[in-house]
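This report describes the fold of a single model, with attention to its core, its sheet pairings and a few individual residues. Please consult the sequence and the structure shown here while reading.

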Amino acid sequence: MGSKAARSARSQRLARAAVGLLIVMCGSMTACEYTYDDDGRPEASPTSTAGNVVLPPDPALEQTVTGDALDEWAKSALPESQGQSFYSSSGYLNPGESKSEQTVQLPGGTYAVTLACRGTRRVMFAVKVGEAELVDLTLGCANARVSVVQLETDAVLSITVGSRSDANFAYRVSRL
């Protein structure tokens with residue numbers, strides 16, 4: 001009983017640390033307003049509040065890349081994690097294409113799944129353990145997102161990435 005309480009307290013501390021990390025990573029996004037033009041694509045409208053100036057996203061991130069440029073973008077798009085990195089991947093998606101990959105076997109525990117994309121639209125990410133969906137996210141490109149997942153036992157994650165238009169994707173699975 002004592003070990004279960006200790007595990008619960010540890011999980012709560014890890015979850016709080018992950019939330020803190022998310023707040024720090026997403027803090028610069030708090031002053032953006034989004035409007036949609038006719039093609040359904042969000043456009044950032046810079047706003048200013050109490051001395052904070054928010055710049056629109058870098059237009060270069062709307063261009064897909066390959067080769068060394070893709071590797072460099074993936075490194076910069078996925079911030080370094082404090083935990084041990086177990087699996088990462090990046091690549092290019094043609095319009096309408098999806099790719100599925102599996103991680104190595106991960107020991108039970110808490111993980112940060114960092115997702116990023118680059119292109120003119122959105123990329124869909126799905127992370128599953130067997131049939132159980134842990135993450136189902138459509139991410140607007142030029143962004144990154146961290147999702148925290150808890151694995152009760154050793155497991156292999158299945159990660160599916162898809163897009164309706166040309167896009168680059170990158171993700172990393174790190175233990176917290």
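Which residues does phenylalanine 125 touch, not counting residues up to four places away in sequence? In this predicted model, phenylalanine 125 touches Leu115, Ala116, Val135, Asp136, Leu137, Leu139, Thr160, Val161, Phe169 and Ala170.

## Nonpolar cores

Phe125 belongs to the largest nonpolar core, which has 23 residues. Together with Leu115, Val123, Val161 and Val173, Phe125 is among those with the most contacts inside this core. At least two residues of the core come from each of strand 7 (109–119), strand 8 (122–129), strand 9 (132–140), strand 10 (143–151), strand 11 (158–163) and strand 12 (167–175). A second, separate core has eight residues, including Trp73, Ala77, Leu78 and Ala170. Ala170 is also one of the residues that phenylalanine 125 touches.

Helix 2 spans residues 67–77 and contains glycine 67. With a relative accessibility of 46%, glycine 67 counts as partly exposed. The C-alpha atom of glycine 67 is separated by 9.2 Å from that of glycine 91, although the two residues are 24 residues apart along the chain.

The buried residues of helix 2 are Leu70, Trp73, Ala74 and Ala77. Seen down the axis of helix 2, these buried residues fall within an arc of 100°, so they line one face of the helix. On the face turned away from the buried side, helix 2 carries the exposed residues Asp68, Lys75 and Ser76. The packing partners of the buried residues of helix 2 are strand 5 (85–93), strand 7, strand 10 and strand 12.

An open sheet of four strands has the order 5-12-7-10, and its pairing is antiparallel. Strand 5 and strand 10 are the edge strands, each pairing on one side only. On average, and with direction ignored, neighbouring strands of this sheet are turned by 15° against each other. Helix 2 packs on the sheet, where it touches strand 5, strand 7, strand 10 and strand 12. The direction of helix 2 makes about 45° with that of strand 12.

## Strand pairings

| Strand pair | Bridges |
|---|---|
| Strand 7 and strand 12 | Nine bridges |
| Strand 8 and strand 9 | Eight bridges |
| Strand 8 and strand 11 | Six bridges |
| Strand 6 and strand 11 | Five bridges |

Tyrosine 111 has arginine 175 in strand 12 as its bridge partner. Valine 129 stands opposite alanine 132 in strand 9, lysine 128 is opposite serine 158 in strand 11, and serine 100 is opposite threonine 160 in strand 11.

Strand 8 and strand 9 form a hairpin with two residues between them. Glycine 130, in the turn of this hairpin, has a positive phi of about 60°.

How many of the five residues of strand 6 are buried? The number buried in strand 6 (residues 98–102) is zero, so this strand lies largely in the open.

Serine 89 is placed in strand 5. Is serine 89 buried or exposed? Its relative accessibility is 14%, and serine 89 therefore counts as buried, the cut-off for this class being under 20%. The side chain of serine 89 makes a polar contact with the side chain of glutamate 101, at 2.8 Å. When neighbours within four places in sequence are left aside, serine 89 is in contact with Glu101, Phe169, Ala170 and Tyr171. Phe169 and Ala170 are also touched by phenylalanine 125.

Alanine 142 lies in the loop between strand 9 and strand 10. With a relative accessibility of 27%, alanine 142 counts as partly exposed. Most residues other than glycine have a negative phi. Alanine 142, in contrast, has a positive phi near 75°.

Terms used. Residues are numbered from 1 along each chain as its sequence is written. This is a predicted model: local features need pLDDT of at least 70, side-chain atom pairs count only at pLDDT 80 or more; totals for chains, interfaces and linings use all residues. Side-chain values use heavy atoms; hydrogens and water are left out. Buried means under 20% relative accessible area, exposed over 50%, partly exposed in between (1.4 Å probe, protein chains only). A nonpolar core is a set of buried Ala, Val, Leu, Ile, Met, Phe, Trp, Tyr and Cys residues joined through side-chain atoms within 4.5 Å. Contact means heavy atoms within 4.5 Å. Two strands pair if DSSP finds at least two bridges between them. The arc is that of the directions from the helix axis to the C-beta atoms. A polar contact is a pair of N or O atoms within 3.5 Å; within protein, one must be able to donate a hydrogen and the other to accept it, and residues adjacent in sequence count only if both atoms are side-chain atoms. Axes are lines fitted to C-alpha atoms, for helices over the stretch in contact, and angles run from 0 to 180 degrees between N-to-C directions.
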